[in-house]
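Biologist: I'd like to go through this one with you. Can we take it piece by piece?

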Amino acid sequence: MMLCGCSKIKKEKVNNPLAKESETLYVRKLDLSDDFIKGADVSSVISLENSGVKFYGWDGEECDIFKTLAESGINYIRVRVWNDPYTSYGEGYGGGNNDIDKAVEIGKRATKYGMKLLVDFHYSDFWADPSKQMVPKAWKTMEIEEKGQALYEFTKESLTTLKKEGIDVGMVQLGNETNGKMCGETTWVNIAYLMKQGSKAVREILPKAKIAVHFANPESGNYANYASKLDYYSLDYDVFASSYYPYWHGTLENLIEQLDGITETYGKEVMVAETSYAYTIEDTDFNGNTIGEGGAYVKNYPFTVQGQANCLVDTMEAVSKMKKGLGVFYWEPAWITVGTTSFDQNSLLWEEFGSGWASSYARAYDPNDAGKYYGGSAVDNQALFGPDGHPLESLKVFNLVNTGNPVEVKPDAIMDTHMDFDINGDIVLPEEVNAVMTDNSYRTVKVTWLDADIEAMKAGGIAKYVVHGTAEGQEALLYV
Ligand code: CA
């Protein structure tokens, strides 16, 4: 029954058999609960669409990306909310210009296709992460109690707006990667005070929604400390969430240990609020990527579509093994290039629509970082969509983990080989190299070296040489 004059969003059922089969992607079956969160944070998507980006579905036709995500097994959408990511002239800071209006639009489309919404309040006018937690402009001069009241009202108003629109908000996040800082505050007494104001607003407006707190760097071993502080100040929350970027955040075994520790001590549910992995080292939008050539390469996940899928499967499995693991959100799987011509052409779109990580207008608020390094997407090579807007095969893992997809195991990438030789001895190149297989295992495979010039190496003396070869149709590299 509708008592609040709320609008109701007409839901559409989605079921696409094409999203549930793959001839190439190897996926092992996971034992996940039906309500395991398979989430995606697509906060930038409206700004991308405004920039002219088109997304396509599994049949190759242009399609609402939210439909494609739902068909692919995504059941939760996460959206960041900044208080006021604009200058006084209305110029957007970029990063999707994600204010509450964007959350409404994203939330409506998520709800339409049966996905819940996680509202991620940064309590800032722009990016909040462990390195910066800047206070919103409007709250800059406020003392802590006044700021707490403003945060309470902002949370309440934002959630009321989402509720009135009929959006299915399942969870609300109080701050983003708040490792000892939030909203310009750096003491736990003040951070917890502000979080409590947010928590109070969520319980009042959306009593059924879960309340999450969110931290980064599980490898630091600081989570028990953060949780003890929140407990000490009696914060009312349900979920202790972590970012997990495999390049920087330690092992999955450690992640399990850290989050299980929180559950054991405080009974909290846990989840991965952000993760991603690169499927290529190529950059496609002329703005350098966080993970690029020479970037951190984790364990046996090559930078391939299969490696990306395997990393995600392992992360989902790790969370499913936790005592109270809710699920995993993939961060910005659709933040692809806005164009293919040049940096300058793309830059016009980033500036106008906020579709890059930051625009030059962010200078007014964040002069030392965004103001200097503004530009495009630094994660286009970690998307689950190709630069042409078509979904990658790896997006199917969210469905395929339910059944498993045991296609024939093949070499996915050839590991680089490193060898040292005595300059006076014989130089004998290996006949076999290690391949990473599509199921994450290793196998040795025969290699053919194409440009090995042993005489030249001997004549050249002590030095490093790179020999190129081919194995199972893939490039092999030998560093001598
Ligand atoms: Ca890029």
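## Walking through the model

Biologist: Which strands does helix α6 lie across?

Modeller: Helix α6, residues 223-232, lies across β5 (210-215) and β6 (239-243). Its direction is at about 150 degrees to that of β6. Keep in mind that this is a predicted model.

Biologist: OK. In what order do the eight strands close into a barrel?

Modeller: The order is β1-β2-β3-β4-β5-β6-β7-β8, and the pairing is parallel. On average, neighbouring strands of this sheet are turned by 25 degrees against each other, ignoring direction.

Biologist: What holds paired strands together in general?

Modeller: Backbone hydrogen bonds; strands of a sheet pair through them, either parallel or antiparallel.

Biologist: And over how many bridges do β1 and β8 pair?

Modeller: Five, in the parallel sense, between β1 (residues 37-41) and β8 (residues 325-331). Asp 41 stands opposite Trp 331 in β8.

Biologist: Where does helix α3 pack?

Modeller: On the sheet, where helix α3 (residues 100-112) touches β2 (76-81) and β3 (116-121). The direction of α3 makes about 175 degrees with that of β2.

Biologist: Is Asn 287 buried or exposed?

Modeller: Asn 287 is buried, because its relative accessible area is 10% and the cut-off is under 20%. Asp 283 has 30% relative accessibility, so that residue counts as partly exposed.

Biologist: Now the rings. How many aromatic pairs turn up in the whole structure?

Modeller: A search finds 27. One of them is Tyr 93 with Phe 126, which is edge-to-face, 5.6 Å centre to centre with 75 degrees between the planes.

Biologist: Where do Tyr 93 and Phe 126 sit in the chain?

Modeller: Tyr 93 is in the loop between β2 and α3, and Phe 126 is in the loop between β3 and α4, 33 residues apart. Both Tyr 93 and Phe 126 are buried.

Biologist: Why is the pair of Trp 139 and Phe 154 edge-to-face?

Modeller: Because the planes of Trp 139 and Phe 154 are at 80 degrees, with ring centres 6.1 Å apart; the cut-off for edge-to-face is over 60 degrees. Trp 139 lies in the loop between β3 and α4 and Phe 154 in helix α4, so the pair ties together parts 15 residues apart in sequence. Trp 139 counts as buried at 6% relative accessibility, and Phe 154 is buried at 14%.

Biologist: Which residues form the aromatic cluster?

Modeller: Trp 82, Tyr 93, Phe 126, Trp 127, Trp 331, Trp 335 and Tyr 365.

Biologist: Last one. In which strand is Ala 435 found?

Modeller: In β11, residues 432-437. Ala 435 is buried, with a relative accessible area of 0%. Among the residues Ala 435 touches are Pro 411, Ile 414, Tyr 442 and Val 445.

Terms used
Residues are numbered from 1 along each chain as its sequence is written. This is a predicted model: local features need pLDDT of at least 70, side-chain atom pairs count only at pLDDT 80 or more; totals for chains, interfaces and linings use all residues. Side-chain values use heavy atoms; hydrogens and water are left out. Two strands pair if DSSP finds at least two bridges between them. Helices (H or I, at least four residues) and strands (E, at least two) are DSSP runs, numbered from the N terminus. Axes are lines fitted to C-alpha atoms, for helices over the stretch in contact, and angles run from 0 to 180 degrees between N-to-C directions. Contact means heavy atoms within 4.5 Å. Buried means under 20% relative accessible area, exposed over 50%, partly exposed in between (1.4 Å probe, protein chains only). Rings of Phe, Tyr and Trp (its six-membered ring) pair if their centres lie within 6.5 Å; planes under 30 degrees apart count as stacked, over 60 as edge-to-face and the rest as tilted. Lists of a residue's contacts leave out its neighbours within four places in sequence.
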